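Biologist: I would like to learn how to read salt bridges and pockets in a model of this kind. Could you take me through them, giving the general idea before each case?

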Amino acid sequence: MTDVWALVLAGGSGQRFGGRPKQFEPVGGIRMIDRTVAAARRTCSGVTVVLPPGRAWDGEAVDALAVGGDHQSESLRAGLATVPDEAAIVVVCDPAHPLAPDRLFLDVVDAVRRGAAGAVPVVPILEVVQRVEAGRVVATIPKHDLVLTQAPQAFDVAVLREVHVDRPRPVENSGLLVERGHRVDTVPGDPANLHVTTPDELAILDRIALPREGHPR
C-alpha cells in the first residue's frame with residue numbers, strides 16, 4: 001500500500017496516567033509505542049512518530065518524526081505536515097490501543113479506498129449505560145445505536161488536511177469530519193483492542209497480552 005501513511009500520535013504527557021507518558025510503558029514486555037509502530041510498518045508504506053517535546057526516538061526506524069503540541073489536534077497537524085503529497089490515505093494510530101491487530105489497519109484503509117472520507121473500528125456497547133448525577137442514577141441511556149470507537153482510524157489525506165485548516169481542537173477526528181459534512185464508515189473492531197488511560201487498565205492489557213502471545217503468565 002504505497003499511498004498509505006501512518007501517524008503514530010505519541011505526543012501526550014500522560015497527565016491522566018500519573019504524570020508520565022503512558023505510551024512508553026510496556027504491555028506484555030513490549031512498549032505500547034513499539035507495538036503500534038510495528039503494526040503500522042507492517043501495514044502502511046510510511047510511518048511518522050509524533051513525540052513529546054524534548055523526547056528522542058529510540059525505537060524501530062521510521063520515516064519521519066514530529067514534535068507534539070499541547071493538544072492531540074496540534075500533534076496531529078504536526079504529523080500531517082510530514083505526510084508526502086503522494087499519500088492518499090493516512091492512518092491515525094494511538095499507542096493507547098496497543099493490541100490493535102493488523103486487520104484493523106487494513107480494514108479502515110479499505111473502507112476509505114471504497115469511498116469513505118474516514119473509517120473507524122467500533123464495538124457494540126453490551127453493558128447498561130446510565131447517567132449519574134451526585135452519585136445517583138438519573139437516566140438509563142438506550143444503547144441499541146451506541147458503539148465504542150477504537151483506533152487505528154483511516155482518513156482521506158486531503159479531507160483531513162481540509163478540516164484542520166482552521167486549527168480546530170476536536171475531541172475525535174471522525175466526529176469533526178461528520179460535523180463538516182463528510183462520510184465516516186465503521187468496520188468491526190476487536191474486543192481485545194482496549195484503550196489504556198490508567199495504570200489499572202495497563203495491568204489488564206498486560207494480562208491479556210502475555211498468554212495471547214505465547215508468554216508464560
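**Salt bridges and a pocket**

Modeller: Asp70 has a relative accessibility of 67% and therefore counts as exposed, where exposed means over 50% relative accessible area, buried under 20% and partly exposed in between, with a 1.4 Å probe and protein chains only. This is a predicted model, in which local features need pLDDT of at least 70 and side-chain atom pairs count only at pLDDT 80 or more, whereas totals for chains, interfaces and linings use all residues. Residues are numbered from 1 along each chain as its sequence is written, and side-chain values use heavy atoms, with hydrogens and water left out.

Biologist: With which residue does Asp70 form a salt bridge?

Modeller: Side chains of opposite charge can pair when their charged atoms come close. The criterion for a salt bridge is a side-chain nitrogen of Lys or Arg within 4 Å of a carboxyl oxygen of Asp or Glu. Asp70 pairs in this way with Arg169, the closest N and O atoms being 3.6 Å apart. This pair links distant parts of the chain, since Arg169 lies in the loop between α4 (157–163) and α5 (173–179) and Asp70 in the loop between β5 and α2 (72–80), 99 residues apart; helices (H or I, at least four residues) and strands (E, at least two) are DSSP runs, numbered from the N terminus.

Biologist: How many salt bridges does the structure hold, and what does the one between Asp58 and Arg31 tie together?

Modeller: The structure holds 12 salt bridges. In one of them, Asp58 and Arg31 have their closest N and O atoms 2.9 Å apart. Asp58 lies in the loop between β4 (46–51) and β5 (64–67) and Arg31 in strand β3 (residues 30–31), so the pair ties together parts that are 27 residues apart in sequence. Asp58 counts as exposed at 52% relative accessibility, whereas Arg31, at 17%, counts as buried.

Biologist: What is the volume of the second largest pocket?

Modeller: On a 1 Å grid over the protein atoms alone, a pocket is an open set of points where a 1.4 Å probe fits, with protein on both sides within 12 Å along at least five of seven lines, and lining residues have an atom within 4 Å of a point. Grid points are joined across faces, edges and corners, and a volume is the space filled by probe spheres set on the points. For the second largest pocket, that volume is about 550 Å³. Of its 24 lining residues, the closest to the centre are His97, Thr149, Gln150, Ala151 and His195.
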